Amino acid sequence: MMANNAAFRHALALATIAALLLYWTQAGYFGMEILAEIAVFAILAMSLDLAAGYAGLVSLGHAALFGFGAYMYALFTVLWGWPASLAMVLATLSTGVIALIIGAVVTRVQGVFFIVITLAAGEMGYEFFFKNRALGGDDGLAGIPRLDLAAIGIDLNDSSVFALFLIAAAIGIYLLLLRLLASPYGAVLTGLHDNPGRLRALGLPVRAYQTSIFAFSGALAGFAGTLSAQHTQFITPDLLHWTTSGEVLVMVIVGGLGTLIGPVIGAAMLTLLRHELSNVTDYWGFWLGFFLILIVLGGKNGIVGWLSAGWDALRGAHTTELSTDDDAEKGEPSDAAR
Amino acid sequence: MHLPREGARAVSPRGKTVLADSSFWIVQILNSLQLSMLLFLLSVGLTVIFGLMNFVNLAHGSLYALGALIGYSIATATNSMWAAYLLAPIAVAAIGAVLYVLLIDRLRSAGPMKQVLVTFGLIFVFLDVQKYVWGTDQLGVTSGVPFAGSIVILGQIYPAYRLFIIAIGITVFVSLYLLLEYTRLGAEVRAGVDDPETASCLGVNVERTFFVVFLIGCALAGLAGVVAMPEFSAEAGMGVAILVPTLVVVVVGGLGSLKGALAGSLLIGTTLTFGTVFVPQFAGIIMYALLVGVLLIRPAGLFPARR
Amino acid sequence: MLRAKNLCKAFGALQVTRDVSLEIPEGARHAIIGPNGAGKTTLFHLLAGELAPDAGSIWIDDRDITRLPPNRRARLGLSRSFQKNNLFQRQSVRDNLLLADIAARGYGTRFWPRLATRRDAHRKAETIADKIGLSDDMGRGVAELSYGAQRQLEVGLALMAEPKVLLLDEPTSGMSPRETARMQRLIDDLPRSLTVIMIEHDMDLVFAHADRITVLNYGQILMQGTPEEVRGSDVVQETYLGGEVQ
């Protein structure tokens with residue numbers, strides 16, 4: 001049961017944060033770039049986990065929302081000259097609105113149709129920005145500014161400061177989501193994944209809730225996009241490409257669907273892996289797909305699932321079995337009643 | 001989208017504005033038909049498998065690409081396109097059989113999410129395998145292609161090969177219709193789509209039926225690829241480009257029915273062709289709007305086999 | 001009070017509900033009985049809103065609820081338990097009950113306060129858990145419970161909503177005699193202001209509790225009346241009560 005493992009996952013989260021911060025103290029220029037990338041994708045992966053792992057809405061086009069947020073930030077700052085802080089807020093909000101519209105439509109259909117339509121929507125988004133010369137087309141947009149925190153003495157143009165800023169943002173988002181999941185709304189989310197029909201029968205307007213979580217997840221993805229734009233300071237439509245959606249999905253699955261810390265671990269692992277393997281092979285995609293297939297067929301819920309099961313096994317060896325009286329009737333309907 | 005499309009001309013050679021020029025309409029309608037037929041070949045396998053076994057194979061587009069690439073290799077090796085037309089679908093079906101035994105059979109009871117995830121992973125795998133074997137350039141066959149050149153149809157000059165594609169599509173539709181209506185296999189498929197539990201109780205070997213249907217679906221995807229290849233070239237990325245329109249066709253047309261696949265293909269093929277000509281930037285968005293529109297009125301699609 | 005007028009429902013060529021009308025006053029204890037396939041659960045689906053009728057209407061007091069989706073009907077006070085367990089499989093007993101409270105009372109939009117601090121919800125969950133005999137199992141996962149305990153929880157979820165009209169679909173199916181006795185006591189203890197409609201095969205339970213019985217067969221009402229009238233009816237004896245009671 002999830003409740004038993006909450007403490008374990010908190011411990012895992014602390015360990016992950018500690019590892020990231022430790023890496024930060026040691027990292028050179030290239031290490032900072034990797035850390036920044038990990039932090040951004042950690043946020044994106046958490047947003048996907050919220051929709052897919054908790055509410056059960058699997059989106060194969062989440063990168064499109066990520067890229068949309070990045071492009072909106074770039075549009076507001078580079079083309080319209082707005083201040084970065086305002087641009088971040090508006091880019092996040094506008095992505096949320098788009099996600100709300102898509103969610104309102106897409107939650108009308110179930111299961112596989114839903115997944116397929118998110119894929120189609122993602123491709124539409126990619127195509128739009130690819131063909132749109134005003135936003136750079138496939139050449140992309142350059143010269144994207146970072147947030148200006150000079151007023152409080154922080155220079156985000158320093159890559160190590162920026163990396164720390166992003167890590168702090170990721171930690172902040174993680175804590176925020178933890179709080180969200182502990183609330184009644186969070187309980188509804190897990191219930192939605194488990195048995196939406198019963199929730200409806202009990203009085204819950206299921207579609208409204210599904211739409212709202214999709215919108216919130218989208219806004220969060222858009223926020224990650226604004227951070228990504230600030231990190232690389234140059235964006236292309238590839239941000240919205242289905243391969244990016246695929247990578248985020250693998251991060252979530254590898255880490256552990258519905259565990260919140262899993263996707264963060266997945267983001268770290270996959271980013272490091274991609275950088276290592278890209279030096280060795282041109283065929284990163286092959287390995288990505290291969291990993292995904294293996295993990296899904298493997299049965300346990302990603303890394304967190306494996307570690308959690310191992311932890312339970314360790315503990316189980318030390319606790320005595322609790323015997324119960326109704327063990328005899330376990331699981332079978334009694335014959336006498338019929 | 002790297003879909004086959006015509007270059008648009010705002011003014012026809014005869015100087016009239018495009019909308020008044022009948023040759024423009026004839027050309028674009030024929031183009032729509034040709035794209036629709038390719039989409040049909042791809043979507044019909046996917047929709048019957050989906051409707052029959054509730055299994056979604058996102059790697060279906062990759063099989064299309066494989067058909068084109070394998071067809072290219074066969075054509076250049078044997079110098080015969082007809083050999084390619086015959087052997088490529090068989091090769092793709094064989095690959096499909098391997099996939100089925102290794103992965104798909106295991107996933108049948110696993111639920112839609114796992115199926116989606118695994119077949120999505122397959123897309124990545126196939127893409128890189130294709131890049132590894134055939135490289136990343138566009139590959140085309142220029143010699144020995146049947147129906148080369150143009151013929152005059154409805155007073156309009158039009159590439160004969162595209163008419164060949166349309167003819168293949170119609171032939172396949174008719175063959176499948178006859179297969180479904182008049183053969184035992186067809187009856188089993190219809191029963192299985194309608195109500196798998198009852199069909200199974202009545203002695204239909206639903207497992208075997210599904211395997212055969214799956215192989216036919218793969219073969220058709222391969223056929224679409226090899227047939228499209230001389231006209232539109234083959235490259236590793238073509239599978240994903242065609243996947244999204246194919247999925248939209250399946251959703252719009254309704255699961256499990258031949259009629260739905262045809263209707264969906266015609267609708268999407270026409271939308272994409274005319275959309276690309278008139279508003280190229282928004283062609284994809286129009287298709288998406290169409291998808292949304294249909295779903296709002298008919299959440300199960302236009303002609304689902306099972307309501 | 002709950003009223004259904006001339007309900008009809010067909011699936012393709014199969015007419016599952018034929019012209020069913022019911023009038024159930026407040027506080028009634030109404031039972032619906034009939035052989036398997038008579039359309040009892042379908043009737044419940046129509047009343048609760050899971051299915052839309054082809055014809056006819058449904059009313060709660062003066063309110064026409066025929067077009068309302070299930071969640072709106074639930075908010076109007078209609079609650080049901082299901083014939084096949086319809087629980088939140090991956091959660092604990094406590095979480096199941098809390099979810100029912102959130103859904104019924106509509107505070108699922110609160111995303112800041114911790115659910116753990118909602119004392120009223122937790123107290124209510126404990127009260128209901130006590131009624132259904134699951135006080136010691138609050139922390140256990142649904143999958144760990146015995147079938148009978150799951151059935152109890154199934155009814156418990158419906159009770160969390162503090163309904164005005166309660167539809168119980170075969171609440172004791174698959175239960176041991178001890179569990180059935182507990183369920184009987186629970187039904188006995190339900191407030192008299194609550195209207196209870198029960199689908200049941202257990203005739204002892206039906207005749208002990210119901211003040212009126214509707215007998216369904218092939219989607220139609222065979223007869224309606226008091227337990228004595230039903231027991232004494234020849235038609236009912238032939239089609240249902242005589243011979244094997246399932």
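**Confidence first**

Analyst: pLDDT is the predictor's confidence in each residue, from 0 to 100. Helices here are DSSP runs of H or I with at least four residues, strands are E runs of at least two, and both are numbered from the N terminus. This is a predicted model: local features need pLDDT of at least 70, side-chain atom pairs count only at pLDDT 80 or more, and totals for chains, interfaces and linings use all residues. Residues are numbered from 1 along each chain as its sequence is written, while chains are lettered from A and ligands numbered from 1 in the order in which they are written.

User: What's the mean pLDDT of chain B?

Analyst: The mean for chain B is 85, with 93% of its residues at 70 or more.

User: And where in chain B does pLDDT stay under 50?

Analyst: Over residues 4-12 of chain B. The model has 15 contacts beyond four places in sequence for that stretch. Two residues are in contact if their C-beta atoms, placed from the backbone, lie within 7 Å.

User: OK, switching to contacts between chains. Which chains share the most?

Analyst: Chains A and C, out of two pairs of chains in contact. Chain B and chain C do not touch, and their nearest C-alpha atoms are 10 Å apart.

User: How many residues are in contact between chains C and A?

Analyst: On chain C 46 residues are in contact with 33 residues of chain A. Helices H2 (70-75), H3 (93-105), H5 and H6 (177-189) of chain C each put in at least two residues on the chain C side. H3(C) gives the most, with seven residues.

User: What classes of residue are on that side of chain C?

Analyst: The side of chain C that touches chain A has 23 nonpolar, 17 polar and six charged residues. Ala, Val, Leu, Ile, Met, Phe, Trp, Tyr, Cys and Pro count as nonpolar, Asp, Glu, Lys and Arg as charged, and the others, Gly among them, as polar.

User: Now the fold of chain C. What's in there?

Analyst: Chain C has nine helices and ten strands. Six of its strands form an open sheet in the order E6-E7-E8-E3-E9-E10, with mixed pairing. Two strands pair if DSSP finds at least two bridges between them.

User: Which strands stand at the edges?

Analyst: E6 (78-81) and E10 (220-225) of chain C; each has a single partner strand, so one side of each is left without a neighbour in the sheet. The twist averages 15° from one strand to the next. Axes are lines fitted to C-alpha atoms, for helices over the stretch in contact, and angles run from 0 to 180 degrees between N-to-C directions.

User: Parallel or antiparallel for E3 and E9 of chain C?

Analyst: Strand E3 (residues 29-33) and strand E9 (residues 212-217) of chain C run parallel, over four bridges. His30(C) in that pairing is opposite Arg212(C) in E9(C).

User: Which helix packs on the sheet?

Analyst: Helix H5 (residues 147-160) of chain C, which touches E6 and strand E7 (165-169) of chain C. The direction of H5(C) makes about 175° with that of E6(C).

User: Last one: what does chain A have?

Analyst: Chain A has 13 helices and two strands. Along its principal axes, the C-alpha trace of chain A spans about 75 × 45 × 45 Å.
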